[in-house]
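Okay, thanks for having me on the agenda.

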Amino acid sequence: MKVTFPHMGNTYIPVKALLDELGIEYVIPPFNNKKALELGTKYAPEMACLPLKINLGNFIQAHELGADLILISGGCGPCRFGYYGEMHREILKDLGFNMEVFTLDISKKDISGFLRNIKRITGEFKPYKILKAIKKTAEVSKQVDELERLSFKIRPREIVKGSADRIYKSFQNSVLNKKGAKEIKELIDFTRKNLLDIETDKSLDPIKIGIVGEIYTTNDPFTNFRIESRLGNEGAEVMRPVTVSGWIIDHMIKKALGLKGDESYKEAAKPYLGAMIGGHTQETIGNTVLLAKDGYDGIIQILPLGCMPEIVSESILPSIERDLNIPVLTLIIDEMTGEAGYLTRIEAFVDLLKRRKEEGLIAGKRMLSWN
Amino acid sequence: MSIKVGIPRSLFYYQMYPLWQTFFEELGAEVVVSENTSKKILDDGVRICVDEACLPVKLFHGHVISLKDRVDYLFIPRMTSISKGEYICPKVGGLPDMIRSSIKGLPEIIDVEINLRKSGSSELESALDIGSYVCKDGRRIKRAYIKALDKFNEYKADVERGFIPGDDINRKRNIYVVKNSELLNIAIIGHPYNLYDSYVNMNLISKLRGDGINIITHEMVSEEIINSYADKLNKKVFWNFGRKALGSVRHFVERNDIKGIIFVVSFGCGIDAFIGDLAERIVRRNSSIPFMFISLDEHSGEAGLDTRLEAFTDMIRWRSKNESNFSAHG
């Protein structure tokens, strides 16, 4: 039995650490690529959201490498992600792939079945070992995100453009050859040192852009055409509040233990969005408000076409834009998105923000209208 | 002068109107419902709403625009969940927020949250909250709610017997007798707001009926039957409509008097994309019943729909004449 799992940005690093620690045999699907997207688009329902299609492609490519068990996390709505497991199972079944789908959601109805499945995958059931592995995984995912944030800060300031990109890219590739949380952490430390060694312009005061929106498209560089690195190289400092580690720690671990994570965004979203409606809408709205108040120059919202929760955010964001006087750019991604048009919009947005900032500095307040 | 409460004739109006209308009328309010969907309403909605939203949500915006200047309150409850453990959809849950951000010059919105996901008891509480906008007497609200609920249950029983809303005027005459009928039975699955809005679906129901077809919608299947089938699914469907659709599809597949299944989806509906696909797989794997999608969007070319419906029903009739030698895939 060989386990596989879907790609989403850097998620493969903590998941790899977890599976290594538990001693489970696994296949990491090839990094998100055009072929995976093509396969997914071909077999998934036309109106399904983009992550479902890419993940389907991941599984088919992993199947070619010998994987026969899919591990994905679940949920109970109302976002469609909660039903991904079922969709994938049915689609793969009709395609004739002999792959089992195991959804990691703990329903109250069937907790013993859940534990049985865990036992079947891990071969044995040692709660202590599993808890230790989960703890290490959480640490790894946190460090990966910290490393990413560091690269956000270095990119706009580096003297030789592309240095951070090169180091970061090589980290993402060579981590595949490491085994276990310890080796991965060593590589993270090594990379961090390399990043800090890059010569930077300390006096620079770059424009700051917040990235909000649906978690998959904001976190996955293949789907968003490496937006963070592009913005960084255009001279913008990027901040993305929703991260993989945040999601793992707040939504999975803390929720299971009944703890509460940082919920300041919920308060901030209140005036615009009265209740939790699923997906990351509350995060999108709340973080936009928080970032605007924090002096950010602009916000980019990214969502896959047809994403139900983010459509609500999209229609609310113009109110925040008006109230807090902060430009918001909405980027919608699907399998047909052309890179050139997309990049032109990003460039124009960055130019606008730079002009706005300059004029603001001269006139003492932000003059250039966004609308 | 009595208080005017406006209800957009859109989305859950089609499922809930006996309840809502009776409730407000019992409280002494005047209920103003927007007119039937028209080209103007659709155009207004499409213009003001974000492009990516689904057709029903755009239409809702249009209905709100046509109502907003004529009423004291707009009734847009935040419908998070209308059944235990289930949601409706993020867009319906965030509807009051979307409306507030997109449309200017609104009257006060009654946006009480209806959330029955955790325990069934908050139903009356929501009703009390909603009622308090027009009447301060708690007991009167309670009485109105009970009366409205009676009306609603009566209506649901009618629907299970074969009544299709929109036939209001000749109500009793329109009740089709499902059993022992010579008519061809075709099952239609789709959101009530798509099935019963004859502008959006281009008179789908009356076209089929005029062709000698008896329509059985998923709303005519009793809750017990739906649940007994839905419980057999691998993972609980957490959308109210999803459970009903998949439960009834499995039921239709096992019933032997259904000759065809039509799944009506709205363009851009996230739930339809998933549930429709799963439903199709259920039908194809377990039966040879012809299955067709009809997807509704803001375009209104009627000829294409007519051709497809005709081809579908002809194919079914030929199949029954020629011992099912016709492909179910069209």
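I'll go through the chains one at a time, then the place where they meet, and then a few local spots.

First, a reminder that what you're looking at is a predicted model. So please keep that in mind while I talk.

Let's start with chain A. Chain A has 15 helices and eight strands.

Now chain B. Here we have 13 helices and 10 strands. The radius of gyration is 20 Å, close to the 20 Å from the globule rule for 330 residues, so chain B is as compact as a globular protein of that length. Its C-alpha trace spans about 65 × 40 × 40 Å along the principal axes. Buried residues account for 47% of the 330 in chain B. Do the contact count again for chain B, with residues at least 6 apart in sequence, and 72% of the contacts join residues at least 24 apart.

Okay, on to where the chains touch. Chain A brings 35 residues to the contact and chain B brings 29. On the chain A side, the elements that give two or more residues are helix H4 (84-95) and helix H14 (308-324). Which of them gives the most? That's H14(A), with nine residues. By class, the chain A side has 20 nonpolar, 10 polar and five charged residues.

How many of its eight residues are buried? Seven of them, so H5(B) is mostly covered. The buried ones are B:Leu95, B:Pro96, B:Asp97, B:Met98, B:Ile99, B:Ser101 and B:Ser102. And what covers them? From chain A, the cover includes H14. From chain B, it includes H2, H3, strand S4 (78-81), helix H4 (90-93) and strand S5 (108-110).

Two names on that list, H2 and H3 of chain B, also pack against each other. Helix H2(B), residues 39-48, and helix H3(B), residues 55-67, sit at an angle of about 110° with their axes 7 Å apart. That angle makes H2(B) roughly perpendicular to H3(B). The crossing is right-handed. On the H2(B) side you'll find B:Ile41, B:Leu42, B:Asp44, B:Gly45, B:Val46 and B:Ile48. They meet a set in H3(B) that includes B:Leu59, B:Phe60, B:His61, B:His63 and B:Ile65. Counted by class, the residues of this contact are seven nonpolar, five polar and two charged.

For another helix pair, go back to chain A. Helix H1(A), residues 12-22, packs on helix H6(A), residues 127-157, at about 155°, with the axes 8 Å apart. So H1(A) is roughly antiparallel to H6(A). This crossing is right-handed too. H1(A) puts in A:Ile13, A:Pro14, A:Ala17, A:Leu18, A:Glu21 and A:Leu22. From H6(A), the residues include A:Ile130, A:Ala133, A:Lys136, A:Val140 and A:Val144. The classes here are nine nonpolar, two polar and two charged.

Most residues other than glycine have a negative phi. You'll find A:Phe225 in the loop between helix H9 (215-219) and helix H10 (227-233) of chain A. Is A:Phe225 buried or partly exposed? Partly exposed, because 16 other C-beta atoms lie within 10 Å.

B:Leu11 also has a positive phi, about 45°, and is not a glycine. B:Leu11 sits in the loop between strand S1 (4-7) and helix H1 (13-26) of chain B. With 24 other C-beta atoms within 10 Å, B:Leu11 counts as buried.

Technical notes: Residues numbered from 1 in each chain as written. Chains lettered and ligands numbered in written order. Predicted model: local features only at pLDDT ≥ 70, side-chain atom pairs only at ≥ 80, totals over all residues. Contact = placed C-beta atoms within 7 Å. Helix = DSSP H or I, 4+ residues; strand = E, 2+ residues; numbered from the N terminus. Nonpolar A, V, L, I, M, F, W, Y, C, P; charged D, E, K, R; others polar. Axes fitted to C-alpha atoms, helices over the stretch in contact; angles between N-to-C directions. Parallel < 35°, antiparallel > 145°, perpendicular 65-115°, else oblique. Left-handed = near helix turned anticlockwise from the far one by under 90°. Buried ≥ 20, exposed ≤ 12 C-beta atoms within 10 Å, placed from the backbone. Rg over C-alpha atoms; globule rule 2.2 N^0.38 Å.
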